[in-house]
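Here is a short briefing to read alongside the coordinates. Keep the viewer open and follow along by topic.

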Amino acid sequence: MDKPTLMMMRVFLFAAVTLLGGTYFPLTSMFDPIKITLLISFFLFYGVMGNLMHRLFGKGKTGMLFLLTLAFTALGLAGRFLLDQGTAAAFTPENLIGFLVVVPVYTILAYQLLPRS
């Protein structure tokens with residue numbers, strides 16, 4: 001893969017992480033029986049993101065990718081906060097910290113553990 005294409009794919013990957021960071025917050029609202037498909041898609045999409053990170057960055061970049069995922073997820077949360085104009089009751093410290101821990105950890109686990117073809 002040539003360098004400009006690789007760079008463009010990396011930009012799109014982290015744009016998707018940012019978008020998903022704002023879309024899936026808060027995780028606690030996904031445990032309703034009606035929203036279980038949202039929870040399934042959460043695990044599916046972030047698993048795919050981890051697999052794509054392995055394909056686009058290679059092995060041995062765990063720390064850097066963890067920090068990038070954390071930063072872009074936080075950016076997505078900031079965008080969600082601005083869209084909700086700061087009135088969302090879901091922006092509690094427990095929800096924020098939980099989301100900012102679960103997303104990068106799960107994505108990096110997918111980066112390291114998912115099988116590659």
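What covers the buried residues of α1? The cover includes α2, α3 and α4. Before going further, please note that this is a predicted model, in which local features need pLDDT of at least 70 and side-chain atom pairs count only at pLDDT 80 or more, while totals for chains, interfaces and linings use all residues. Residues are numbered from 1 along each chain as its sequence is written, and side-chain values use heavy atoms, with hydrogens and water left out.

**Overall fold**

- The protein has four helices and zero strands, where helices (H or I, at least four residues) and strands (E, at least two) are DSSP runs numbered from the N terminus.
- Along the sequence, the pattern reads α-α-α-α.
- The radius of gyration is 15 Å, close to the 13 Å that the globule rule gives for 117 residues, so the protein is as compact as a globular protein of that length. This radius is taken over C-alpha atoms, and the globule rule is 2.2 Å times the number of residues to the power 0.38.
- Taken along the principal axes, the C-alpha atoms fill a box of roughly 45 × 30 × 20 Å.
- Among contacts (heavy atoms within 4.5 Å) between residues at least 6 apart in sequence, 79% join residues at least 24 apart.

**Surface and charge**

- Of the 117 residues, 32% count as buried; buried means under 20% relative accessible area, exposed over 50%, and partly exposed in between, with a 1.4 Å probe and protein chains only.

**Helix α1**

- The 21 residues of α1 should span 30 Å at 1.5 Å a residue, and the end C-alpha atoms are 30 Å apart, which agrees. The expected span is 1.5 Å times one less than the number of residues.
- Buried residues in α1 are L13, F14, V17, T18, L20, G21 and G22.
- A16 also has its place in α1, and at 24% relative accessibility A16 counts as partly exposed.
- A16 and G76 are 60 residues apart in sequence, yet their C-alpha atoms are 9.4 Å apart in space.

**Helix α2**

- Helix α2 (residues 36–57) has 22 residues that should span 32 Å, and its end C-alpha atoms are 32 Å apart, which agrees.
- Its buried residues include L39, F42, Y46, M49, M53 and F57.
- The buried residues of α2 pack against α1 (3–23), α3 (62–83) and α4 (93–113).
- F43 sits in α2 and is partly exposed, with a relative accessible area of 38%.

**The loop after α2**

- G58 lies in the loop between α2 and α3, and takes a positive phi of about 85° just after α2.
- At 24% relative accessibility, G58 counts as partly exposed.
- Not counting residues up to four places away in sequence, G58 touches M53 and Y111.
- G58 and Y111 are 53 residues apart along the chain, and their C-alpha atoms are separated by 9.4 Å.
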